[in-house]
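Hi there,

Here is the structure I promised to pass along. Have a look at it first, and then read on for what turned up.

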Amino acid sequence: MSAGPAGRPGAAGLDAATGGPGGDPAAARIGVERAAALRRLAIDTLDGNWEHDHTVPSRTLYPHQWSWDSAFIAVGLAHIRPDRAWRELRTLFAAQWADGRVPHIVFNPALPVGSYFPGPEFWDSARAHDAPAAATSGIVQPPIHAPAAWLAHRRAPSEASVRALGWLYPRLVAQQRYLTGRRDVGGSGLACLVHPWESGLDNSPAWDAPMAAVPADAAVMRAYRRHDTAHADAAQRPTDLDYARYVAIVAAYRAGGYGDAGLAGRHPFLVECPLLNAALGAAEHALARIAAVIGADPGPHRERAARITAALVDRLYDPITGTFHPRDLRTDRLIPARTVLGLMPLILPDLPARQVRAVLAEACSPRFGLAARMDRPLTTHDRTAPDFEPVRYWRGPSWLNTSWLLWRGLRAHRRPDLAAGLRESMLALVARNGCHEYFHPDTGAGLGSPAFSWTASLALDALAES
Ligand code: 9WN
């Protein structure tokens with residue numbers, strides 16, 4: 001069994017209870033009426049975005065199925081419609097590639113060409129050796145799915161949930177095998193990103209330096225029609241030069257048939273990310289629990305989890321800054337930007353006590369403002385940094401998924417005071433401003449897409465866990 005933060009054996013993972021005496025005071029602060037209205041709004045949002053066998057992140061900006069969105073969405077659906085939670089994950093994993101990768105987008109064939117850019121014709125997955133029959137992208141997102149499946153089962157255990165876990169288990173194991181095998185480009189036991197989109201925090205300042213090294217010209221975007229800026233303010237989205245680089249990196253990966261052999265010598269973007277790898281470790285902890293339920297052996301998962309945590313600390317923790325940073329494999333250097341990615345290893349129940357203390361200090365500093373009573377929401381980038389941008393996506397605004405991951409990490413590491421403060425801040429943000437994709441870090445105003453699924457889903461989860 002893995003050691004916990006203070007050497008405690010078997011510390012709980014993302015499913016930990018807050019455990020404070022007398023319950024969570026935040027439940028009282030949000031207020032019964034506001035909580036009921038928020039719950040209604042969240043359910044309506046998820047129902048409105050349900051599309052036969054999956055949930056779209058947003059009807060306007062993201063009309064297909066996205067990988068890590070579906071994991072977050074399943075967590076919330078388990079509270080209200082558990083059958084849909086399992087359907088969501090089954091639909092996603094039905095499009096898993098033969099090599100184990102779970103594509104970051106599964107395209108809905110019923111939608112017209114141009115519903116999203118870059119669409120299925122751009123990715124051209126049909127020509128890749130390991131691709132499924134469905135049209136998909138060729139890249140991945142953080143593997144939050146095993147923790148999500150475990151949380152969904154814990155929330156609504158039934159014969160059906162055990163059957164669903166049995167179906168998912170070998171697929172989740174294959175997903176892990178892909179990431180720790182073919183994607184271990186640095187040979188360190190960590191998986192690497194081949195595209196900023198794989199981080200889920202696509203436009204984070206963390207990617208500025210490795211992106212700057214990708215040759216591209218904004219003018220190439222004249223050949224394409226961006227879909228995002230037709231539905232959201234361009235000031236809240238990446239620039240055309242960012243998109244030219246996104247497209248160039250996909251084109252390079254696609255040219256090699258989305259194969260991973262020899263990436264080190266040929267691919268323009270290779271980065272080890274603290275969030276992707278923290279999710280990878282958390283997934284092994286969740287798989288250990290799932291294995292125990294379905295009669296498989298949890299032992300190898302615990303061993304793999306311990307190895308991932310050790311590699312993460314060894315490779316991505318900087319004792320000088322006291323936080324985690326991505327490592328650019330093309331320069332073999334840590335990327336100095338202090339973003340919310342650095343806080344994400346707190347989701348690992350076996351993160352050593354020293355790193356737990358450091359991450360908590362970073363989170364509670366003026367850079368992120370975590371507190372038992374928060375007057376402003378948690379940001380995605382250091383508030384004090386000169387390149388902090390309050391409205392551009394992933395460069396400052398508050399997102400519910402990164403706050404939710406930190407909240408779950410705080411519970412796992414027995415900080416009910418900070419967990420309660422963050423939970424109250426998340427719930428107040430959504431109750432006041434609606435289920436937006438992201439929020440202004442000072443005013444709380446909704447940004448990006450309205451009626452965004454994971455905001456609704458994770459608000460439901462936080463509401464229920466007082
Ligand atoms: C590219 C769907 C996805 C999220 C990502 C978020 C955004 C896509 C985009 O939307 O990315 O994958 O078009 O900007 O950054 O985290 O999964 O909600």
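To start with a cysteine: does Cys-435 count as buried or exposed? Cys-435 counts as buried, since its relative accessibility is 4%. Please keep in mind throughout that this is a predicted model.

The structure holds zero disulfides. Take Cys-192, which is in no disulfide: the nearest cysteine sulfur belongs to Cys-273 and is 11 Å away, whereas a disulfide needs the two sulfur atoms within 2.5 Å. Cys-192 is also buried, with a relative accessible area of 1%.

Now to the ligand. The space it takes is the largest cavity. Around the ligand there are 16 residues, and the closest are Asp-69, Tyr-116, Gly-200, Asp-202 and Tyr-393. By type, this shell divides into 10 nonpolar residues, three polar ones and three charged ones.

- Trp-66 places a polar side-chain atom 3.0 Å from a ligand oxygen.
- Gln-141 also has a polar side-chain atom 3.0 Å from an oxygen atom of the ligand.
- Gly-200 comes in through its backbone, with an N or O atom 2.6 Å from a ligand oxygen.

How much of the ligand does the protein bury? Taken alone, the ligand exposes 410 Å², and the protein buries 99% of that.

That is what I have for now.

Best wishes

Technical notes: Residues numbered from 1 in each chain as written. Predicted model: local features only at pLDDT ≥ 70, side-chain atom pairs only at ≥ 80, totals over all residues. Heavy atoms only, no water. Near = heavy atom within 4 Å. Polar contact = N/O pair within 3.5 Å; in protein donor to acceptor, adjacent residues only side chain to side chain. Areas by Shrake-Rupley, 256 points an atom, 1.4 Å probe, with all protein chains shown as cover. 1 Å grid on protein atoms, 1.4 Å probe; cavity = no way out; pocket = protein on both sides within 12 Å on 5 of 7 lines; lining within 4 Å. Sits in = over half its atoms within 2 Å of the grid points. Nonpolar A, V, L, I, M, F, W, Y, C, P; charged D, E, K, R; others polar. Buried < 20%, exposed > 50% of the residue type's maximum accessible area, 1.4 Å probe, protein only.
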